Amino acid sequence: MRGVLGAALAAAVGAATLVQLGEPAQATSADGAYLVGRGIADVTGEAAERGMMGYAKLDQRTSGIHQRQRSRAFVIADPAGGKRVALVTADLGMIFGSVRQAVLRKLAAKHGSLYSADNVLLTATHTHAGPGGQSHYSLYNITTFGYHGKTFDAAVDGIVESINRAHDDLAPGSLSLANGELKNASANRSRRAFDKNPAQDRTAFPDGIDPMTSLLRMDRGGRTVGAINWFATHNTSMTGNNTLISGDNKGYAAYNWEREVAGADYLAGQPGLVTAFAQTNAGDMSPNLNLKPGSGPTEDEFANTQILGKRQADAARALAASPGRSLSGSVDSRLSHVDMSGTTVRPEFTGDGAAHTTCQAAMGASFAAGSTEDGPGPDIFKEGVGNNPLIELVTKARYVASPELRACQAPKDILLDTGALNLTPKILPIQLVRVGQLYLIGLPQEATIVTGLRLRRTVAEQVGAPLQNVLIAGYANDYAGYLTTPEEYDQQDYEAGHTMFGRWSLPAYQQEFARIAADMKAGRPSAAGPTPPDMSGSVWTVQPGVVLDAPPIGGNFGDVVTAPKPSYTKGQQVVVEFAGAHPNNDVHRNGTFIEVQRQEGAAWKRVADDGDWSTKFRWARWGVAASRITVSWDVPSTAQPGSYRIVYRGDAKNLVGAVSPISGTSPAFTVT
């Protein structure tokens, strides 16, 4: 079975396709056109018993780590004008406004006004394989059993640390932009809604997907030191049945380029190359190519994660190997806040010659249905207009006293009026960042590909840029669900049911982004808009912290419960079990719970840890207060023959609440 899976992996990865697009390649400008800095830090939260963010499954709670989550930051400054921006991509489900507010406070305490809401762009890869509980709005904490401070702190501290490291790393460099096509890493999971759009939009995507892959390359001293890749596919190769922390396909793409290709060691200081795989308009793009969870190109979610990540990484490296289009000119940014619950949209943006207004936030019945291709909801809910007659009867009766909301949200069957209940944010940040000829649209929602196209066209027209130089930076600065076109909204599939501000949401965003784009073009400031509230006083949780750790009866912390076999060959899996402690006592940020070590003379050298693809760190409760730690290591084909051992490092809490380090070491085994 393992051999068959390996052959399928090799064939599928080798099938990646890339077609070059864009203007004729130009030589990259010499160092000094910009100041460029890169930084990377760990944002991994609590690895046990914490609800995971994304699929909204009550039974999906963390039970260990497959790969650590990381924040990758890039600071780009214009030496001539003195302006700068910080671009951050974090292996998180979402960037909630709570996280952004805390990050900005910490940056201000260290840097003053140098980094602010205006010039810091925070984005998430949208992995569904990480612990949640980071929002201050209740809707996003219900299925995570509340707010989780250690996970929140890990996200905030890791993002801030990555920006600080990028700041300290600033040095003269050059930038180039390249675009290509990647056609076997996404599928349209909402095709009937896509088909509602006009032909002029559909013809831009003949296969129903957005195949554009774009790369911002950063060079210093004649070598590439950093890169940001934007490609539209959901970060949902890992299914709702998985309980191990993972950066999913985009996390693996970055790991593949940084560690497997460039040889980075995340625990030994800053790597020589930092590569981020950022999201764009991925709202209706699924990595599950067979359009069912965990399926396509194989039937194994771990294999699919690796394959889809490798395809994105291969496409990005191919773009990095091209000269690209050299960037020059100013660095700039604009930010404004908009109350999306009541924005009046002018006729030139609505398309029907009349003004319209966005709605107070509400979720539809099709939102509860989920995306059947990535993460379906309860069977009682269905996607599409008219497919929830029971829910429709209930909601019509419930909202008889609020005909305005029903009319505004039509044809949505309202399931939950999140706005009236203050369960979700309504004052949202919109941001536009310019780096030379590149423009990034910072959008706090999940845009479908046609939605992204219309926003890009709007901004490109205002600033006078080629369309391929204007990109959606999705999942940015806050989170408020999906964003569909009005035509897609009328279909009321999952994405439309989750478009919470009604049918005219996209035209409202087009109007507001046109405003700040015109401001940028004219060199004038943008209106700040309303201030988002600080909701930190409303956090709640129903899960207590760790009460007590105890070893198993008759045993000690660190005892080897299951020892490895005496020897293994490449391709086999080593499994060791330890008597351990609860991992939430200390999340080991920028560290590891486990090491695979190889003997070199009298010393033991670390060759893998819990951030590596080849390892899995699993926790399970053992009785009342004891913990069983299971460590597995898939011996890679590159492993050197020799003597190896596995080391576990944890932390145990005693009766008075003091936490102390513990450890265990397996007997040695050989790899031949």
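Reader: Why is Arg-72 called buried?
Author: Buried means under 20% relative accessible area, exposed over 50%, and partly exposed in between, with a 1.4 Å probe and protein chains only. Arg-72 comes out at 3%, so it counts as buried. By the way, this is a predicted model: local features need pLDDT of at least 70, side-chain atom pairs count only at pLDDT 80 or more, and totals for chains, interfaces and linings use all residues. Residues are numbered from 1 along each chain as its sequence is written, and side-chain values use heavy atoms, leaving out hydrogens and water.

Reader: What makes Arg-72 and Glu-258 a salt bridge?
Author: The term asks for a side-chain nitrogen of Lys or Arg within 4 Å of a carboxyl oxygen of Asp or Glu. Here the closest N and O atoms are 2.8 Å apart, and the pair is a salt bridge. Arg-72 lies in strand 5 (residues 70-77) and Glu-258 in helix 6 (residues 248-261), so the bridge ties together parts that are 186 residues apart in sequence. Helices (H or I, at least four residues) and strands (E, at least two) are DSSP runs, numbered from the N terminus.

Reader: Is Glu-258 buried or exposed, and why?
Author: Its relative accessible area is 0%, so Glu-258 is buried.

Reader: What makes Asp-201 and Arg-457 a salt bridge?
Author: Their closest N and O atoms are 2.8 Å apart, and that pair counts too. It links distant parts of the chain, with Asp-201 in helix 5 (residues 199-202) and Arg-457 in helix 12, 256 residues apart. Asp-201 has a relative accessible area of 2%, so it is buried. Arg-457 has 33%, so it is called partly exposed.

Reader: Why is Glu-348 called exposed?
Author: Glu-348 has 55% relative accessibility, so exposed is the word. Glu-348 forms a salt bridge with Arg-346, with closest N and O atoms 2.8 Å apart. Arg-346, at 40%, is partly exposed.
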